Amino acid sequence: MNKALLVDDEKRMLDLLALYLKPYNYECTKALGADEALLFLEEELFDIVLLDIMMPEMDGWDLCKQIRQISDVPIIMVTAREQKEDIVRGLKLGADDYITKPFNEDELLARMEALLRRRSPTGSIEINGLIWNETQHEFSYQNKPIRLTPKEFAMIGYLIKNPNQVFEREQLIDLIWGFESETGGRTVDSHVRNIREKIRQAGFPIDEHFITVWGLGYKWINAPIN
């Protein structure tokens, strides 16, 4: 579970962000303004910060500058401003990314996960004890290895690295077998069945995460289906 610090001067926005991120395994701490954010940062370690710019007393730019004096935690600036100079200013002060309100929630989640992946020194992604490690080419659940073929490993990797994104069968063929491949959709379905069965046997609730989108393809979700 990743720890996210949410910083905004509007309680409603903090509540909405926390509500959205909670199902995706984010433990959210809500800071109502810059002073509160600095107190949290002195006491805890966070994996990522979502930082509003337009705040009274100390704005997001100044807070970003102060955070960079004590931490290299990934920072995404969240603001209603869209001017190019504001984006450049935030990045020069040490922000890692920038998104404007009103934003698409899926896009925000994708940006957060992209930053966290790049930050991982081991090249691994963990979901409730299930670990996909690209660098070491290892896949396991609760420290027990799950043996996948290279193509199975690549397929589950694309899905895990891009949660909530639907991959059509043809897209998976292009990504894994190559554009010139004569592989058909049935081969993709066969690999999906094998992957699910191997992970299911390991004890992970794969059917709550590896989802068939009928008529299109497949997707991975980090939150279990209610």
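Student: What volume does the largest cavity have?
Tutor: This is a predicted model, so every value here is computed from it. One cavity of 30 Å³ or more is counted. The largest cavity has a volume of about 30 Å³.

Student: Which element gives the most to the lining of the largest cavity?
Tutor: The lining consists of V7, D8, L17, L50, L51, D52 and V78. The top contributor, with three residues, is β3.

Student: Are α2 and α3 roughly parallel or roughly perpendicular?
Tutor: Helix α2 covers residues 34-43 and helix α3 covers residues 60-70. Their axes lie 11 Å apart, at an angle of about 10 degrees. Angles under 35 degrees count as roughly parallel. Therefore α2 and α3 are roughly parallel.

Student: How much space lies in the largest pocket?
Tutor: The pocket has 20 lining residues, and the closest to its centre are N2, Y26, L116, I125 and E126. Two or more residues each come from α5 (105-119), β6 (124-127) and α6 (150-161). The lining divides into eight nonpolar, six polar and six charged residues. The space in this largest pocket is about 480 Å³.

Student: Where does the largest share of the lining of the second largest pocket come from?
Tutor: This pocket holds about 200 Å³ of space. Its lining residues include I131, N133, E138, F139 and S140. Both β7 (130-133) and β8 (138-141) give two or more residues. The largest share, three residues, comes from β8.

Student: How many nonpolar residues does the lining of the second largest pocket have?
Tutor: Among the lining residues are F139, P145, I146, L148 and F153. Phe, Pro, Ile and Leu count as nonpolar. By class, three lining residues are polar and two are charged. The nonpolar residues number six.

Student: How many residues apart in sequence are the parts that Y141 and F204 tie together?
Tutor: The whole structure has six aromatic pairs. Y141 and F204 form an edge-to-face pair, 5.3 Å centre to centre with 75 degrees between the planes. Y141 lies in strand β8, and F204 lies in the loop between α8 (185-201) and β11 (210-213). The pair therefore ties together parts whose separation in sequence is 63 residues.

Student: Are α6 and α8 roughly parallel or roughly perpendicular?
Tutor: The axes of α6 and α8 are 10 Å apart and meet at an angle of about 85 degrees. The range from 65 to 115 degrees counts as roughly perpendicular. So α6 and α8 are roughly perpendicular.

Student: How many charged residues are in the contact of α6 with α8?
Tutor: α6 brings K151, E152, M155 and I156. From α8 come residues including V188, H191, N194 and K198. Six contact residues are nonpolar and two are polar. The charged residues number three.

How values were computed: Residues numbered from 1 in each chain as written. Predicted model: local features only at pLDDT ≥ 70, side-chain atom pairs only at ≥ 80, totals over all residues. Heavy atoms only, no water. 1 Å grid on protein atoms, 1.4 Å probe; cavity = no way out; pocket = protein on both sides within 12 Å on 5 of 7 lines; lining within 4 Å. Points joined across faces, edges and corners; volume = space filled by probe spheres on them. Helix = DSSP H or I, 4+ residues; strand = E, 2+ residues; numbered from the N terminus. Axes fitted to C-alpha atoms, helices over the stretch in contact; angles between N-to-C directions. Parallel < 35°, antiparallel > 145°, perpendicular 65-115°, else oblique. Phe/Tyr/Trp six-rings, centres within 6.5 Å; stacked < 30°, edge-to-face > 60°. Contact = heavy atoms within 4.5 Å.
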